[in-house]
Amino acid sequence: MDTVHMPGPLCLIENVKGQLKPNHEALEILSAITQPVAVVAIVGLYRTGKSYLMNRLAGKKTGFSLGSTVQAHTKGIWMWCVPHPHKKDHTLVLLDTEGLGDVEKGDNQNDCWIFALAVLLSSTFVYNSMGAINQQAMDQLHYVTELTDQIRSRTSADQGDDMEDSFEFVSFFPDFVWSLRDMTLKMEVDGRCVTADEYLENSLKLKEGTCKEVEKYNLPRLCIRKFFPKKKCYIFYPPTEWKKLSQLETLQENEIDSDFLQQVAEFCLYIFKHCKTKTLPGGILVNGPRLESLVLTYIEAIRSGDLPCIENAVLALAKIENSAAVQKAITHYDQQMSQKVKLPMETLQELLDLHRTCEREAIEIFLRTSFKDEDHSFQKELGSQLEVRWDDFCKRNLEASSTRCWALLEDIFRPLEERVRNGTFSKPGGYGLFVQETHRLKKKYYGEPKKGMQAEEVLQTYLQSKEAVSNAILQTDQNLTEKEKEIEVERKKTEAAMAAAKLLEETQKKNEKLMEQKEKSYQEHMRQLTQKMKNDRIQLKAEQEQTLALKLQEQKQLLQEGFREESRKLQEEIKNVEKRYKETMDHIKAESSKTTVKMMQEMQRKYDEMMENKDRDHQKYVQQLTEKMERDRAQQVAEQEKLMNLILQERELHLKEEISEERRKHQKEIQDIEAKNREMLLKLESAQTENTAKMLKEMKEINVKIMDQKTKDFEDYLKQLTEKMDRDTARLMAEQEETLSNKLQVQKEIFNEKLKKQNRKHEEEIWKIKMKKKNSNCSVM
């Protein structure tokens with residue numbers, strides 16, 4: 001939510017019979033606050049006027065219950081979220097706690113938890129007490145000395161050193177403000193007027209000595225100085241006469257002491273200006289949902305008998321936040337792609353460009369909102385989900401393209417199909433008209449926009465489905481000779497083969513682009529992750545340097561006060577901290593190196609996988625070309641054999657017809673001779689002369705010779721005709737074999753040329769990948 005609307009405070013952590021539990025209604029309000037929060041918590045003895053100050057911070061006279069009896073009124077921790085008066089993009093969260101030291105509770109542990117939770121949840125911690133800062137006031141602040149018993153900074157087992165923990169506390173503890181109520185003493189030290197801050201610093205000075213009394217005196221002061229390096233003090237005069245204090249919230253402004261009102265106004269102004277945003281180690285800004293997660297984590301630790309642990313809280317928060325960061329990045333990717341991608345996209349490159357832009361933005365969003373993703377599991381999850389969505393967009397793009405192209409083809413070719421059904425092209429010259437009309441419609445189809453990547457494949461599929469219609473029109477066209485029909489069939493086959501080869505090449509290029517995209521996607525993840533790790537190291541270094549500066553300032557002050565032993569201990573602590581910091585940085589560098597090694601191994605695996613895919617695709621491409629060449633060769637051989645058989649059958653039929661015709665003529669000649677002979681015999685028999693018999697005999701011999709010569713001539717003719725047919729058949733076979741061999745040789749040369757081209761391209765890609773790998777290794781080193 002941008003604006004907080006809470007008409008009044010609400011209990012955040014209930015205290016029921018000594019058991020702390022969260023109020024889910026208040027948590028729901030926190031979960032809706034997306035702005036960073038500045039959290040002010042106030043703690044102090046009961047009946048010291050804490051609620052009045054919190055109401056004034058809320059800009060109200062009433063709200064948090066003030067109470068008017070000697071009993072503690074507020075129970076647990078109450079919350080009031082209001083718009084920040086000075087920061088428009090922040091929410092001010094006010095936490096009012098139940099009074100400490102209530103004799104009716106009889107359990108000091110409960111007060112310790114309230115105090116610890118106020119420290120853990122706030123960015124400004126206000127301690128409210130009555131009167132001057134004396135030993136009694138310090139004794140009442142014993143909760144500070146017990147903080148190391150109530151809070152852990154880390155989950156590691158070596159938690160015995162309280163001072164090391166106290167050092168880490170400084171990095172996330174709130175600013176400390178001590179409000180002194182009903183102050184009536186003069187602000188003088190050693191006869192010199194001092195400010196409230198100087199009065200606080202003087203009150204926190206240590207005593208020299210080693211006796212128990214001195215140690216008891218120094219312990220709370222030393223803890224405040226160690227835990228809260230930034231301190232502020234405000235004094236408040238009594239607001240009115242003691243009889244009217246119980247009606248303080250109902251009094252008019254003129255009934256309240258003006259100095260008190262001025263002091264309250266100065267206090268509120270300081271809080272508004274200087275209360276920092278609640279921040280966790282690592283520079284993690286806290287908003288409403290994160291504050292909700294902290295409340296739940298700390299309360300669960302207390303209820304389970306464990307100590308609230310900052311590291312555990314951050315890790316629990318990181319798990320929730322990183323899951324949300326993945327979802328936020330995916331949502332952004334989906335929204336941007338849905339807005340920018342207008343399916344179908346004309347080319348794969350256009351879709352790739354949009355994907356890369358949206359993917360880069362999604363990764364940036366994830367890395368900006370995530371933290372403590374130490375094993376990068378959430379980023380890997382993001383990468384997997386982005387890849388799934390990218391594949392889905394590719395699939396949807398192809399489907400949209402196919403749908404668009406089929407609709408176009410059905411619309412454009414519908415008139416042609418109707419003319420085919422009406423028999424328009426079933427006439428002499430119809431095939432030429434059909435081809436001409438088909439080319440015109442194809443040109444019209446190519447001119448249509450927004451067809452997408454499936455335009456050519458869908459067109460070829462459509463034309464193949466109409467191949468039978470085209471062949472039928474071709475075969476029925478009487479204007480074309482058989483040779484022309486054969487040429488047209490060969491032309492169509494060549495066009496289909498070229499289209500198939502073109503589709504195969506486009507598919508190969510598309511697969512190469514997709515593999516290249518996966519590589520670039522992984523490199524983008526690496527680039528942004530490396531930058532984030534670098535920024536995290538810078539942030540950690542800044543936090544450590546700031547904390548060390550505060551410790552060095554404390555050491556300098558101790559030296560000035562003459563506490564050399566405390567200064568020496570602090571110096572040892574600083575050295576230990578610097579050592580730990582060095583170990584932490586070494587560990588981070590080692591982890592960074594491990595991460596880099598993992599990245600390189602992952603990249604190597606990607607490269608190997610890409611090489612395998614490229615080799616597999618290359619081999620598949622070669623195999624497809626080889627199989628296609630073998631199929632074409634087998635088809636051509638089969639067609640040549642079929643054509644040769646047809647030619648031989650025609651020649652054999654023609655030869656049989658010639659032989660039958662010659663035999664028929666021969667038989668007719670014989671029949672004519674025999675008829676003449678019979679006619680002559682009849683004439684001669686009627687003559688009955690000796691010369692006639694002699695002539696008959698001679699004629700018979702002549703006829704026999706003629707018949708023998710005719711038979712011999714016919715046999716010679718048959719022999720010559722058979723030999724000629726054999727020679728023509730052998731010549732035709734030789735011509736056909738030579739033609740087929742030439743075609744196969746040309747096809748083989750084309751295949752070899754494509755194979756060489758593909759091999760060169762494959763070798764160039766391998767060389768580029770190796771160079772990328774070499775450059776990546778050099779950049780890492």
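Tutor: A charge sits over a ring if NZ of Lys or CZ of Arg is within 6 Å of the ring centre and within 35 degrees of the ring normal. Please keep in mind that this is a predicted model.

Student: Which ring does the charged end of Arg 181 sit over?

Tutor: That ring belongs to Phe 236, and the charged end of Arg 181 is 5.5 Å from its centre. Elsewhere, Arg 396 lies over the face of Phe 393, with 4.7 Å to the ring centre.

Student: Now the rings themselves. How many aromatic pairs are there?

Tutor: The count is 20 aromatic pairs. One of them is the stacked pair of Phe 125 and Phe 228, with 6.1 Å centre to centre and 10 degrees between the planes.

Student: Why does that pair tie together parts 103 residues apart in sequence?

Tutor: Phe 125 lies in strand β6, whereas Phe 228 lies in the loop between α9 and β10, so the pair joins parts that are 103 residues apart in sequence. Phe 125 is buried, at 0% relative accessibility, and Phe 228 is buried with a relative accessible area of 0%.

Student: What about Tyr 234 and Phe 267?

Tutor: Their planes are at 90 degrees and their centres 5.7 Å apart, so this pair is edge-to-face. Tyr 234 is in strand β10 and Phe 267 in helix α10, 33 residues apart.

Student: Changing topic: where is the kink in α9?

Tutor: The kink, of about 30 degrees, is at Asn 218, shortly before the proline Pro 220. Helix α9 has 16 residues and spans 22 Å from first to last C-alpha, close to the 22 Å expected.

Student: Is Asn 218 buried or exposed?

Tutor: Asn 218 is among the buried residues of α9, as is Pro 220.

Conventions: Residues numbered from 1 in each chain as written. Predicted model: local features only at pLDDT ≥ 70, side-chain atom pairs only at ≥ 80, totals over all residues. Heavy atoms only, no water. Helix = DSSP H or I, 4+ residues; strand = E, 2+ residues; numbered from the N terminus. Expected span 1.5 Å × (residues − 1). Bend = angle between axes of the 7 residues up to and from the residue. Buried < 20%, exposed > 50% of the residue type's maximum accessible area, 1.4 Å probe, protein only. Phe/Tyr/Trp six-rings, centres within 6.5 Å; stacked < 30°, edge-to-face > 60°.
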